[in-house]
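Biologist: I would like to learn how to read a structure. Can we go through one together?

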Amino acid sequence: MAQAKSSYVCQSCGGQTAKWSGQCPACGDWNTLSEFAMPAKGRSRQSWSGAVSGESKVHSPDEVSLEAQTRAQSGIGEFDRVLGGGLVPGSVVLLGGDPGIGKSTLLLQALTGLAGQGVAPGLYVTGEESLSQVMGRAQRLGLPIEGLRLLAETRLEQVLGLVEREQPKLLIIDSVQTLYTDTLESAPGGVAQVRECAAQLVRYAKRTGTGLFLVGHVTKEGSLAGPRVLEHMVDTVLYFESEETSRYRIVRAVKNRFGTANELGLFAMTERGLREVSNPSAIFLTRHDQDVAGSTVMVTREGTRPLLLEVQALVDDSTLATPRRVCVGFEPNRLAMLLAVMHRHAGVSSHGQDVFLNVVGGVRVSETGADLPVVLSVLSSLKDGPLLRRTVVFGEIGLGGEVRPVPNGEERLREAAKHGFERAIVPAGNAPRKAPGDIQVIAINKLDEVFNHLH
Ligand code: TYD
Ligand code: MG
């Protein structure tokens, strides 16, 4: 096979050189050159019409046949859910997460599950663990291993060659950062290697209709290229987002061409692998025996289902010149904005105060319905007064101090009623004519109205 040429491109100025050096010869920046594979031949031409070859042509809408997409279910409900209802044949899924969070475990379970549904044979390519480690895990988990095919290899050309021979219906690459291709000189794990290897695998998967899972480690040091560089190439991007220390593991569909983005899959890590959580909407709620200041229950909606979560705030006198704003599971800039709105429109100052905010359970809340609960938690901690008991809260807050409605209000209220909540503080725009169950709905329009509901 002819070696594709590679060249080095400066990330700052875009200048190209044939050889790597520490400093870009064009702009003088340091450590900005990275390797790129060049197409084998490049010609400039006047007209492209002579260049048309092969079967591709332009279609009108009625010529396009809509293939019924038959999805394959793995039998792991929460996993099928984040995929958008099962695996679409020929789709490419990137699964990212911190080392040790459970990526290999989940995919091994999914592989055997899918094999049971006829997506077989499935080939598990491991570049990190030995074959006996993988088999050991499969046995420990009690997985049906009859149809399982394994390969320990890190050279891309070898992997693709064997895959062509084996023709699996499902291919798992664990992990894409351990692969390398002969066509590039740079070390495995770098941006160029990871991208090129992934691109070749994606091309193979699309050509043959093979389902492809790529495992990518999220790296904090940046010595390995993170999965982010691959997000645009794949159909679906799944990330583990909880802490390794938590018993629960949350998988979020960050992008999905075949389903709802932001869908969450909730699992518990047990000694027999990842198990689905049976009552996912309320697993993170703590039942407090006494009223607690600084704690609010919110109904958020991630993906297609509501989720009850507790948001806790602690506001305390600061000893620092610039008080701290620390968030776990919430966007710090959003908190800063909400604190400013509280000051400006409700006259509540948090100057000179450290504010700590925690969404319990390691869930990252990304929707604006969390604004009102966050503000209430902060207020409640600041005033040291607990909120009314058995109350849920949701709602967006605007810069003018107005409380705005959020999507799917009724569904959120139904979920709260189902879990025995008695009151809901919601935006007036979300207040239904008839509240579901026995829940009492308190509708508010402006942020300052919320003060009346702290006790
Ligand atoms: P693993 O899937 O190897 O993580 P990753 O591939 O993302 O690096 O999971 C490793 C962790 O999961 C490890 O800390 C042990 C734990 N674990 C269990 O608790 N129970 C199990 O049944 C398995 C297989 C792993
Ligand atoms: Mg692993």
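Biologist: How many residues surround ligand 1, and which are the closest?

Modeller: Keep in mind that this model is predicted. Here 16 residues surround ligand 1. The closest are G100, K103, S104, T105 and T270.

Biologist: Which polar backbone atoms lie by an oxygen atom of ligand 1?

Modeller: One belongs to K103, at 2.8 Å from a ligand oxygen. Another belongs to I101, at 3.4 Å. A side chain takes part too: an N or O atom of T105 is 2.6 Å from an oxygen of ligand 1. The protein covers 75% of the 560 Å² of accessible area that the ligand has on its own.

Biologist: Which element gives the most to the shell around ligand 1?

Modeller: That is α2, with three residues.

Biologist: How are aromatic pairs described?

Modeller: Use the distance of the ring centres and the angle of the planes. The whole structure holds two aromatic pairs. In one, F79 and F213 have ring centres 5.9 Å apart and planes at 35°, so this pair is tilted. F79 is in helix α1 and F213 in strand β8, so the pair ties together parts 134 residues apart in sequence.

Biologist: Is F79 buried or exposed?

Modeller: F79 is buried, because its relative accessible area is 1%, and buried means under 20%. F213 is also buried, at 1%.

Biologist: What about the rings of Y248 and F284?

Modeller: Their centres are 5.6 Å apart and their planes at 85°, so this pair is edge-to-face. R247 also lies over the face of Y248, 5.1 Å from the ring centre.

Technical notes: Residues are numbered from 1 along each chain as its sequence is written. Chains are lettered from A and ligands numbered from 1 in the order in which they are written. This is a predicted model: local features need pLDDT of at least 70, side-chain atom pairs count only at pLDDT 80 or more; totals for chains, interfaces and linings use all residues. Side-chain values use heavy atoms; hydrogens and water are left out. A residue is near a molecule or strand if one of its heavy atoms lies within 4 Å of it. A polar contact is a pair of N or O atoms within 3.5 Å; within protein, one must be able to donate a hydrogen and the other to accept it, and residues adjacent in sequence count only if both atoms are side-chain atoms. Accessible areas come from the Shrake-Rupley method with a 1.4 Å probe; for residues, only the protein chains shown count as cover. Helices (H or I, at least four residues) and strands (E, at least two) are DSSP runs, numbered from the N terminus. Rings of Phe, Tyr and Trp (its six-membered ring) pair if their centres lie within 6.5 Å; planes under 30 degrees apart count as stacked, over 60 as edge-to-face and the rest as tilted. Buried means under 20% relative accessible area, exposed over 50%, partly exposed in between (1.4 Å probe, protein chains only). A charge sits over a ring if NZ of Lys or CZ of Arg is within 6 Å of the ring centre and within 35 degrees of the ring normal.
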